[in-house]
Amino acid sequence: MKLRDIIYLHKSIKRALLTLLLSAIAAGVAIYYAGKTEGEEQGDKDTTRYTPRVSQLASRPQQYYRVEQAPVERFAFDPNTADSTQLLRLGLQPWQVRNIYKYRAKGGIYRKKEDFARLYGLTAKQYRELEPYIHISDDYRPASELFKNSEEQRYERDTLKYPIKLKEGETVTLNIADTSTLKKVPGIGSAFARAIIGYGKRLGGYVSTSQLLEISNFPRKSLPYFKVDSTKIRKIKVNKLTLDQLKRHPYINFYQARTITDYRRLKGDLKSLDDLKLHKDFPEAERKRLEPYMDYYFNND
């Protein structure tokens with residue numbers, strides 16, 4: 001049948017042919033989409049089988065990486081000699097082990113368990129767990145402890161800082177003893193030793209042990225341990241010194257110094273303190289305690 005024959009067919013035949021053609025096209029389209037849908041469903045099944053859903057991924061905890069940690073062990077160790085392998089087995093971190101090595105390289109020594117607690121980053125819990133296993137060798141004890149119980153060592157203290165005190169009946173001599181000797185007296189420490197030397201210089205020397213009581217809060221119980229060398233007294237030239245020089249002596253005040261200078265100006269040199277006994281500033285007790293320090297000769301060296 002030629003194309004022109006189809007054109008001149010009856011209308012009813014044309015309509016039937018068109019309907020048949022459309023049906024064939026519709027059937028082909030239906031078959032095409034049916035096959036595609038089945039393939040997609042099969043693909044979804046495969047994806048579901050191997051790929052977790054988003055909701056499933058969200059419900060899982062996120063793990064960036066997993067670090068395999070060696071099991072912590074407990075055994076006796078000496079922090080002065082333990083090597084890095086042992087320290088790591090105890091559960092210490094590598095940077096803590098490096099700090100221990102640096103400390104030991106600089107001469108640091110763990111002498112007691114408490115010293116190890118100063119390790120940077122060590123927690124109280126870790127220290128309590130490690131403490132029963134810390135055993136420090138006796139080789140790292142101070143050498144002085146080797147003679148702690150020796151009979152030859154009578155005292156355990158430094159005799160320079162803490163001098164051996166005098167026994168009852170022993171004495172030190174004032175005017176010649178230095179501070180180290182004075183500190184051997186029971187009740188006398190560094191402060192009182194310096195005070196004794198200083199006051200003795202102001203006086204010109206001690207003529208009696210009772211003069212020590214003139215030092216503030218001086219312990220009376222220490223007096224029996226002193227004696228005096230009176231040959232070491234330095235006297236003052238009472239007829240030569242000025243008013244300011246005279247009143248520097250602990251036993252001469254301003255008014256007494258002025259009385260002396262006034263007497264010298266009006267009556268001449270003093271021959272004795274009795275020359276001033278009529279003055280109210282020089283009662284007998286004052287003259288008596290000042291007399292040992294008087295030098296009346298103007299030209300006497």
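1. The side chains of aspartate 115 and arginine 118 meet in a salt bridge, with N to O at 3.1 Å, the term being used for a side-chain nitrogen of Lys or Arg within 4 Å of a carboxyl oxygen of Asp or Glu. The structure holds 7 salt bridges.

2. The model is a predicted one, in which local features need pLDDT of at least 70 and side-chain atom pairs count only at pLDDT 80 or more, while totals for chains, interfaces and linings use all residues. Residues are numbered from 1 along each chain as its sequence is written, and side-chain values use heavy atoms, with hydrogens and water left out.

3. Aspartate 274 lies in the loop between helix H11 (254-267) and helix H12 (284-290), and arginine 287 lies in helix H12, so the pair ties together parts that are 13 residues apart in sequence. Helices are DSSP runs (H or I, at least four residues), numbered from the N terminus. Aspartate 274 is partly exposed, with a relative accessible area of 44%, whereas arginine 287 counts as buried at 13%.

4. In helix H5, the residues Gln96, Val97 and Ile100 are buried. Seen down the axis of H5, its buried residues fall within an arc of 105°, so they line one face of the helix, the arc being that of the directions from the helix axis to the C-beta atoms. These buried residues pack against helix H4 (84-89) and helix H6 (113-116), with contact meaning heavy atoms within 4.5 Å. The face of H5 turned away from its buried side carries the exposed residues Lys102 and Ala105, and just after H5, glycine 107 takes a positive phi of about 95°.

5. Leu18, Leu21, Leu22, Ile25, Val29, Tyr32 and Tyr33 make a nonpolar surface patch of about 730 Å². Such patches consist of residues with over 30% relative accessible area and no salt bridge, nonpolar side chains (Val, Leu, Ile, Met, Phe, Trp, Tyr) being joined within 5 Å and like charges within 9 Å; accessible areas come from the Shrake-Rupley method with a 1.4 Å probe, and for residues only the protein chains shown count as cover. Tyrosine 33 has its place in helix H2 (residues 11-50).

Technical notes: Helices (H or I, at least four residues) and strands (E, at least two) are DSSP runs, numbered from the N terminus. Buried means under 20% relative accessible area, exposed over 50%, partly exposed in between (1.4 Å probe, protein chains only).
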